[in-house]
Amino acid sequence: MTDLEFSKLVENVQKPGRYAGGELNSVLKDKQQIAVRFAFCFPDIYEIGMSHLGMKILYSLLNELDYCWCERVFAPFTDMEASLRENNRALFAIESRDDLSEFDIIGFTLQYELSYTNILNMLALGNVLLLSADRAGLHQLVIAGGPCACNPEPLCDFVDLFVLGEGEEVTAELVSLYRQHKLNASTKDEFLAAAAAIEGVYVPSLYLVKYREDFSVESVAPRDSAPAKVRKRIIKNLDKVFYPDRFVVPYMEIVHDRVIQEIFRGCIRGCRFCQAGMIYRPVREKNLDIVSQQAKCLCDTTGYDEVSLSSLSTSDYSALEPLVDKLLSWSEQDKVSISLPSLRIDSFSPQLLDKISKVRKSGLTFAPEAGTQRMRNVINKNISEEEIINTCKTAFAGGYINIKLYFMMGLPYETMEDIEGIIDLSQRVVDLYYQNPDKPKGKSVQVSISVSTFVPKPFTPFQWAAFDSAESIKAKQQHLLSYTKSKKIKISFSDKETSFLEAVLARGDRRLGAVLLKAFSLGCKMDGWDEFLDFEKWMEAFAACGVDPLFYLRKREYDERLPWDHLDYYVTKGFLQREDEKAAMEAVTENCRQRCSGCGADQGGGCSFEKR
Amino acid sequence: MRNVRLFYQKKGNAKYISHLDMNRFMMRAVKRSGVPVWYTEGFNPHPFITFTMPLSLGFETNYDSIEFKIEGEMTNEEIAERFRNVFPATMPVIGVKDCVLKSKELKYASFTITLQAADREAINAYFEKDEIIVSKKTKKGTINQIDIKEKIHNLSLTENGALRLYMVLPAGSEENLNPAVILDAMKLQAVQFTIVGISRNELLDKDFNLFE
C-alpha cells in the first residue's frame with residue numbers, strides 16, 4: 001500500500017493514529033530476508049490491544065528471532081472497517097501494511113469471550129478463509145492463546161491450534177518448528193501432527209468429540225499420536241524468562257499508557273469464582289532487583305514517566321515495601337511515578353498509602369466482591385468487614401473522597417440477604433466518612449458500587465454452577481435499588497445480555513462454532529461494546545443453528561464430562577470439587593502462603609509454596 | 001536558564017500524530033534525550049514545553065517549533081543532536097536556537113496544498129472573486145460567515161504533475177486561518193479537486209520573515 005493509498009483510506013477516519021504505525025520501538029524488517037511472517041492479532045481496537053502486556057512480550061520475543069518478523073494487527077473501528085470496504089482494501093498489518101492474507105502465522109490472543117466474532121471479522125476483512133478445514137496449506141496458519149484458550153472449544157472450527165498457558169517458550173518452539181516445516185514444504189497435517197507433540201499445543205482437529213443425545217459430551221478421542229490430555233505450559237523461573245527491554249510507544253493515548261512491570265504470576269488467594277487465580281497457578285515471584293532493573297530499563301527506552309506494577313494481587317508480593325523502596329531509589333530522581341494496582345483491602349497500610357500518594361489522588365477501588373461475611377466465605381474472599389472499614393478509614397484520612405467498590409451478584413448459594421449486605425456495607429462506608437473529624441470541608445463523599453453478574457468459568461470451583469436466571473438477576477437488581485437509601489451511593493450494573501453471552505461462550509462446546517459463524521454472518525461484532533452488541537441477532541443465530549443457549553447456563557453434575565476436560569491446567573478436578581463442596585458449607589480455604597491446599601499446580605514446578 | 005526553540009519537520013506518517021499526542025510525545029522525547037529542560041514544580045512534575053503553533057491532524061510541516069527553558073550548560077548543537085537521536089525519521093530536527101522573537105510576534109504561516117483531479121480554471125476563478133466567503137467556527141462554537149479575500153497573501157497556483165496551491169495565511173495568537181476552511185468553502189462552491197496533501201511550510205513574522 002502506498003502512502004497516498006493509505007492517506008485516502010484514513011481520510012475520513014476519526015483516529016488515523018490507530019493504523020498509521022511508525023511508533024517508537026516498532027520493528028521494521030526486510031521481508032525478503034524473513035522465513036516466518038507472524039501477524040499478532042488483537043481482536044479489539046488499538047488502544048486496548050496496545051495496553052496488553054502479553055502482546056508486548058511476544059512481539060519483542062518473536063522479533064528477536066532473525067528469521068521471524070512479528071507485526072501487529074488490531075480490529076479496525078467501525079469507521080475504518082467501512083473505509084476498508086468502500087476502498088476495496090483488505091485488513092493489513094501496521095508495520096508493513098501488507099494484507100493479513102500474506103502472513104504465515106496469524107495469531108490471536110483470547111482475552112475475552114465477547115471478542116470471538118471480532119476474530120472472524122478480522123479474518124474475513126483480511127481475506128483469510130474462516131474455517132480451518134478450508135485453509136489447505138501451511139500458509140495462513142491460525143493460532144490462538146491467552147486465558148480463554150482454557151476452553152477454546154467454541155473456536156475449534158476456525159483455529160488450527162491453540163497454545164495453552166504461558167507463551168514465552170512454547171511460541172518460540174512453535175515458530176521454529178513452523179520454519180523447518182515450511183523449508184521442507186510439509187503439508188499442514190504433517191506440521192500439525194508435529195506441533196501437537198509440543199507441550200502446551202492443542203490441535204483441535206486431532207480430537208474427535210462425541211455428544212450424547214442430551215448434547216452433553218460423551219467422549220473426546222485423540223487421533224494418531226496426539227496426547228489424551230494437553231497440558232498448559234508454565235515458565236518455571238520468572239527471573240530467567242524473557243522480558244522486553246523496550247515497549248512500542250504509541251503516539252495516541254492508550255488505556256494503559258505507561259510501563260507495565262510484571263512482579264509475579266499466579267495468585268495465593270484461591271477465590272472460588274476467579275479463573276485467573278486458578279489457571280495462572282502456581283505462584284512464582286520475580287526477584288525485586290530484577291523487577292527494578294527491568295522497570296528502569298523500560299523507562300529509559302520509552303520515556304514513560306509512570307511504572308505500574310502488574311500481577312493479580314500486588315500486595316501479595318512477598319517483599320512489596322522493599323520493592324517500592326528500591327524503585328523509589330531511582331524513580332524520584334528520574335521523575336517517574338509508581339502505581340500499584342490490584343491492592344488488597346487487608347494490606348492497605350498508611351505507609352503504603354503515603355508512598356503511592358506521590359501519584360494523583362483520584363479515587364480508590366476495592367473489591368469486597370460480596371456484601372456479607374457468609375457470602376465472602378462462600379467465595380473464599382478472605383477479607384472481613386472490619387478490614388474493609390479500616391481501609392476506608394485510612395483512605396478517608398489520606399484525603400480520598402471517592403471510593404469505588406466492586407461486587408458480584410448471582411453467585412452460587414446467594415440469598416436476598418447477601419444482596420442487602422452490599423448496600424449495608426456501602427452505607428457503613430458512607431457513614432464512616434461523616435464520622436471522620438478531618439474530612440475536607442465542603443466536599444461530599446461518593447461511594448460508587450459496581451455490581452456485575454457472576455459468570456461461572458472453566459477451571460474454577462464454580463465451573464459446575466448455574467448462571468443465575470434473567471428473572472432472578474432482575475429481581476435482585478430491583479431489590480438492591482429499592483433497598484438503597486443514600487444518595488451518596490451510586491450503583492451500576494453490568495449489562496445482562498453481555499453477561500449472558502459471556503456465560504454461554506465461556507463454558508461452550510464445539511456446537512457453538514456454527515452459532516458464532518451464523519452470528520457473524522448476521523453482522524455481530526464488537527460484542528464487548530454495549531453500543532454494538534446486537535442480542536437479537538445472537539438469539540436469531542442460536543435459533544437458526546438449533547442450539548439452546550440455556551443448555552450452557554445450567555448447573556452441571558460433578559460426574560458430567562465437561563467440554564474442556566481433555567485440557568490440563570494442573571489444578572485437579574478433585575481440588576476444584578473439594579473447593580466447591582467447601583463453598584456450600586461456607587468454609588474457607590487458607591491462602592497458599594499459610595498452607596498448601598494441594599491444588600496440583602506444584603506438579604509443573606516453579607511453585608513458590610510447594611510442599612517441601 | 002535560557003529560552004530556546006527546537007525546530008523540526010513533520011513528514012509522512014508523522015502527520016497522523018495529533019496535537020495532543022505530539023504534546024505527550026514531546027514529554028517522553030525530552031525524558032529520553034536527557035536534555036536539561038526545566039520541569040514544572042507541581043504535584044506531577046513534567047517538562048515545561050510550549051508549541052509555537054499547533055498543527056492540524058493530517059498536515060505535514062517543514063518548519064515547526066517548540067519552546068522550552070534550559071537549565072544548566074548545554075550548547076544548542078548538543079541539544080539538537082540529542083533530540084535528533086530520539087526523534088523518529090519522520091520528524092527530522094532542523095536545529096536549536098535561542099529565542100529571538102516572542103511567541104506573539106508570530107503572524108503568518110505559509111502553506112502548500114497539493115491537489116489532484118483539480119479544475120484549475122475554477123480554482124483561479126474562485127480566488128479572483130471580489131470576496132471569498134468562508135464559514136469559520138468561533139471559540140464559542142457559533143459559525144460566522146466571513147470574507148477572507150484580504151487575508152490571503154502571496155497566492156500562487158503552479159502545475160507540475162500535480163497542482164500546487166501556495167498561500168500565506170494569518171497565524172498566531174491574534175488571528176488564525178486554517179487552509180482547510182478555504183478548501184471546504186471551495187468544495188461548497190462545486191470546485192472540483194481531491195486533496196493529496198497539505199503542508200505548512202514556514203512560520204513568519206509580521207514582515208513575512210522567518211520566525212525564529
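Where in chain A does A:Pro282 lie? A:Pro282 is found in the loop between α9 (276-279) and β12 (284-285) of chain A, where helices (H or I, at least four residues) and strands (E, at least two) are DSSP runs numbered from the N terminus.

## Basis of the model

This is a predicted model, in which local features need pLDDT of at least 70 and side-chain atom pairs count only at pLDDT 80 or more, while totals for chains, interfaces and linings use all residues. Residues are numbered from 1 along each chain as its sequence is written, chains are lettered from A and ligands numbered from 1 in the order in which they are written, and side-chain values use heavy atoms, with hydrogens and water left out.

## Backbone details in chain A

The peptide bond that leads from A:Arg281 to A:Pro282 is cis, with omega near 0°. Another backbone feature belongs to A:Asn25, a residue other than glycine whose phi is positive, near 70°; A:Asn25 sits in the loop between α2 (17-20) and β1 (36-42) of chain A.

Side chains of opposite charge can pair when their charged atoms come close. Over all chains, a search of the whole structure finds 57 salt bridges, a salt bridge being a side-chain nitrogen of Lys or Arg within 4 Å of a carboxyl oxygen of Asp or Glu. One of them joins the side chains of A:Arg510 and A:Glu153 at 2.8 Å, N to O. This pair links distant parts of the chain, 357 residues apart, with A:Arg510 in the loop between α17 (496-506) and α18 of chain A and A:Glu153 in the loop between β4 (141-145) and β5 (161-163) of chain A.

A:Phe77 and A:Trp529 make a tilted pair, with 5.5 Å centre to centre and 55° between the planes. Because A:Phe77 lies in the loop between β2 (68-74) and α5 (78-86) of chain A, and A:Trp529 in the loop between α18 (512-521) and α19 (535-544) of chain A, the pair ties together parts that are 452 residues apart in sequence.

Chain B has four helices and ten strands, which follow the pattern β-α-β-β-α-β-β-α-β-β-β-β-α-β along the sequence. Its C-alpha atoms fill a box of roughly 55 × 40 × 30 Å, taken along the principal axes. The chain is divided into domain 1 (2-99) and domain 2 (105-204), with bounds that come from an automatic or database domain assignment.

The C-alpha centres of domain 1 of chain B and domain 2 of chain B lie 28 Å apart, and the contact (heavy atoms within 4.5 Å) takes 13 residues from domain 1 of chain B and 14 residues from domain 2 of chain B. Between them the two domains bury about 1,000 Å², 53% of it on carbon and sulfur atoms, where buried area is the accessible area (1.4 Å probe) that two parts lose on being put together, summed over both. B:Met53, B:Phe59 and B:Tyr63 supply 55% of the area that domain 1 of chain B buries against domain 2 of chain B, more than any other three residues. There is one salt bridge between domain 1 of chain B and domain 2 of chain B, and B:Asp64 forms a salt bridge with B:Arg200, the closest N and O atoms being 2.9 Å apart.

## The interface between chains B and A

In the contact between the chains, 18 residues of chain B meet 32 residues of chain A, and the two chains bury about 2,000 Å² between them, 55% of it on carbon and sulfur atoms. On the side of chain B, the residues that lose the most area to chain A are B:Tyr16, B:Arg28 and B:Lys31, together 32% of what that side buries.

Two salt bridges are counted between chain B and chain A, and A:Asp257 forms a salt bridge with B:Arg28, the closest N and O atoms being 3.9 Å apart. Helix α1 (residues 19-33) of chain B gives the most to the side of chain B that touches chain A, with six residues.

Key: Rings of Phe, Tyr and Trp (its six-membered ring) pair if their centres lie within 6.5 Å; planes under 30 degrees apart count as stacked, over 60 as edge-to-face and the rest as tilted.
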